Amino acid sequence: MKSFLIIGVFFLSLNSYGLEIDAAERFFSDPDMVSAQLSPNGKLIVAITYSEGVQQLVLMTVPVKITANTQFNHRKVLLDVAKFTENKASLRAIQWIDNNNVAVSFSENKAGIKDLVETHKSHYMLIARVPSGDSALAEIYSVKTRGRLIDALPYEDDSFLYATYSAYSKVYKIKPSLLSMHKLKPNKLSKIDGGQFIKNNEVASVKGYASEWFVDDKGVVEAVLNYGKRRSLVLNAISAEGSILEVKKWTRDEIDEATSDNYDVAIKTDQDYLADNHDIKKLIMPVTLSDEKDFFYAFDYAESERRSVYKVNYKTGSEKLIYESDSFRIVDIFLSHDDRHLNAVSVIKDGDIRYVYLDQFANNDERERGAYTSTISESINRQRRLVYKESHNQPGEFFYIHESGESIIGRLYPLLNGPLDNQLYQGNVLVEGLNIPYLLSVPTASNKAWPLIVMPHGGPIGIFDSAHFDDLTQFINARGYAVLRVNYRGSGGHTQSFKEHGKKQWGGLILEDIDSAAKHVLLRKDIDSSKVCLLGMSYGGYAATMLLIDHPNRYHCGVNISGVSDINLMINSPYMSPRNVRWAKSYIGDPITDYEHLKSQSPAYRLDQLQRPLLIMHGQKDTVVSIEHAYRLKLGLEKFNKPFEWYVFPDMAHQYDSVEEQIELFSKAMGFIDQNLLNH
Amino acid sequence: MIYQSNIIYFIIRISFAINCLVFSLSSFATQPFEGLLPPEKVGLLKKSEGYLLIDLNISGVGPSFEFVKVVTKKNQRYVNDKRLSFGKRKWSISLQDKSAGLYALKLPQGVYQITAVKAPYFNLPYRMSTYNNARWRFSVVKGQTSYIGQLFIDHERGEDSINIKMNNRFATDYQRIIEAASFFPTAPLRHGMGMRDDFSEELLNSAIALKPENSSCLSSNIC
């Protein structure tokens, strides 16, 4: 009888873990579609989609008659990455060249020379030609000459601008119709790339390596950012006659000071910094022309993680921050063809390229719900558009908009049907004279009081939680918990002053902000104040552990994922570049002069005071917050005989790198929370 | 006669000079430098010496590193000055054919600076200068065993860059470290990396410091 009972309990636990996985799979899945572009004539759509975790480039034909119920079920695969190459590869961006050709930025891992990194990856440009009929196979062409696409010239048939770089960097106008098929070796009678890289096709040139070319909406090369004397970088304007005029120059010293990991430079700037108490220097360099005359979109290359987009006029020195990514590193930016409006940014998320479409039309009511619509592509006559829509509880969807209606063409979360069953409340709480905004998501399935998960974001400086769709928040809501996210002082997405208030407040007022917001929402009738748990990643993991130690009466359990346990250890990490150390000394503290203070704010030294159960999860390959932090917690908890759970993910770095890791991570987290909140 | 005595005097002087030379050479010979050895093969300490304990996780063809002694005040453990004065002797440690694991070395008490790490790869030479970087500093205390971190040299490299780090993995590798240190029962374990780190001290000085057999869940998930 006893053994039957044990087997029963065993299968019950397996079954409940299986259910958690099933639920998690709906929220943490590969997307169906991540990017789509409408052909210049508005009759075809090309998109990057996923099929069983593999990327595909697909073509959709717009139906002649479009109604509200029109479904775009017919997808013709132009390129299946798994069939195209045996290597790990990805489609990084797509652009229509004309109505027959699509430019595809393609990246591929190769065997290369053993242990030599440079030989393991190659990026090249492919051109997918639209098949002439339904039964015709897609044809893939490529540019063999090393370089990159700088403008697809969608308004001009059969041509695009392509830049090559060597001692002289040049821009050529190339005809895709003269290129040869990908991997087809040229014979004696044919020339590489149709012999198009010749003087006659040259549009612009500059001495030295050009890192960026700037082309206006008519395909005219207006400026170039290239290396000049003594490895300086120079922004040069190019006149209609081809003459070059220097607009702005960055010396090698300026570049090194802001970006270099060279220790000699760091020593010099450390002394300068300490002597003059200067702010961390920016290095804002142009990426592309903007929608305003003489203004460029620009990145700050001194930013530790590139999360900001600026608009800069280098002639007048005017500079505006126009976009901040909430937490992910920006890879590239995407503009509308005609007015160069900033439409989207691509970011690295979960180890893959993802697109973040920017809110363009949100009114105040929509902003409150995190709802927005973003145009991502338009036909030349502007009669047809592709838009992306989402809200806090509506997973992102792609729509084709026509004069007579709209039809869905793809989804970011194919297994979720929105809107999901929860309500978003945005509020503020006053802490030490500063208004601290928070986001509270509450399930709406019944009128009961919900257990609460307080979920501090990572960073802490410059990162923020937005009202937009967040899969983790939605997953936790669906599991029957309310979720509180606090944009504590130091968070991004607000003013620079708000960010500066977070300086040296790691274990101080930032924690107080989170706790104050939690106290505030615990007064609500729809929140059960007897069931509160903390969950956080990175800084969020640190905050979760510290708040759990400090307020055992308020918080009943904690989940620390990739969290910092010893602040001095983190700043002294060998993976912190001198630039990052300078930043850390300014924003966190100096591990020499502030050692005792930072130690007193480090959970690894305060574990004797822990009274509530803690779950620790960490990636073995984490170089941002090394696994040493997790082991310090573990040894300390063993030393003081404190109960805890512990999981090491052998292949995980600082963040999960795959859907499978994400599912396992959050299924375990929710299992632990259920066990400690609901079963007690 | 005078001539003979001059010759004798000359021979005496020459032999004195040779003796001096032999003596000075033999003083080096009495301190043979063995390089890094597995802890069980390292001999007993002299009065002024301590053990250095380093973990290696390296790859590549013939890596090595060099270090020098930093001129400090007596019993100083950490040096935070930007400008350092170095002793004249330079130690060069070959890491060729060293498998992963903990190694030890006897050194006089003091603070040391690793000044360079070399990690050549076929026809691509590589030398990383570390002479003024506190992360590449360590201290040795007489009569004690100083853990100075894990030297990591990545097997993957760029044409002009390599990922070389000195990682602080005291807690992560705690079990292996105390097992290695157990070969030096009279030389207590301490943390000897260049940046201050109190964790080991708090753990080791505790009356209930963990020993491998007391660590109930080093390999299991739930403790």
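This note goes through some local features of chain A in a predicted model.

1. The loop between β11 (168-174) and β12 (202-207) of chain A holds Gln196(A), and Asp193(A) is found in the loop between β11 and β12 as well. A polar atom of the Gln196(A) side chain lies 3.3 Å from the backbone oxygen of Asp193(A). Gln196(A) is buried, its relative accessible area being 3%, and Asp193(A), at 0% relative accessibility, also counts as buried because the limit for that class is under 20%.

2. Most residues other than glycine have a negative phi. Against that background, Asp193(A) deserves a look, with a positive phi near 55°, and so does Glu52(A), whose phi is positive and near 50°. Glu52(A) is placed in the loop between β2 (44-51) and β3 (54-61) of chain A, and with a relative accessible area of 82% it is exposed.

3. Most peptide bonds are trans. The bond from Gly418(A) to Pro419(A), however, is cis, with omega near -5°, and Pro419(A) sits in the loop between β27 (405-411) and β28 (422-431) of chain A. The peptide bond from Gly459(A) to Pro460(A) is likewise cis, with omega near 0°, and Pro460(A) belongs to the loop between β30 (450-454) and α6 (471-478) of chain A.

Technical notes: Residues are numbered from 1 along each chain as its sequence is written. Chains are lettered from A and ligands numbered from 1 in the order in which they are written. This is a predicted model: local features need pLDDT of at least 70, side-chain atom pairs count only at pLDDT 80 or more; totals for chains, interfaces and linings use all residues. Side-chain values use heavy atoms; hydrogens and water are left out. Helices (H or I, at least four residues) and strands (E, at least two) are DSSP runs, numbered from the N terminus. Buried means under 20% relative accessible area, exposed over 50%, partly exposed in between (1.4 Å probe, protein chains only). A polar contact is a pair of N or O atoms within 3.5 Å; within protein, one must be able to donate a hydrogen and the other to accept it, and residues adjacent in sequence count only if both atoms are side-chain atoms.
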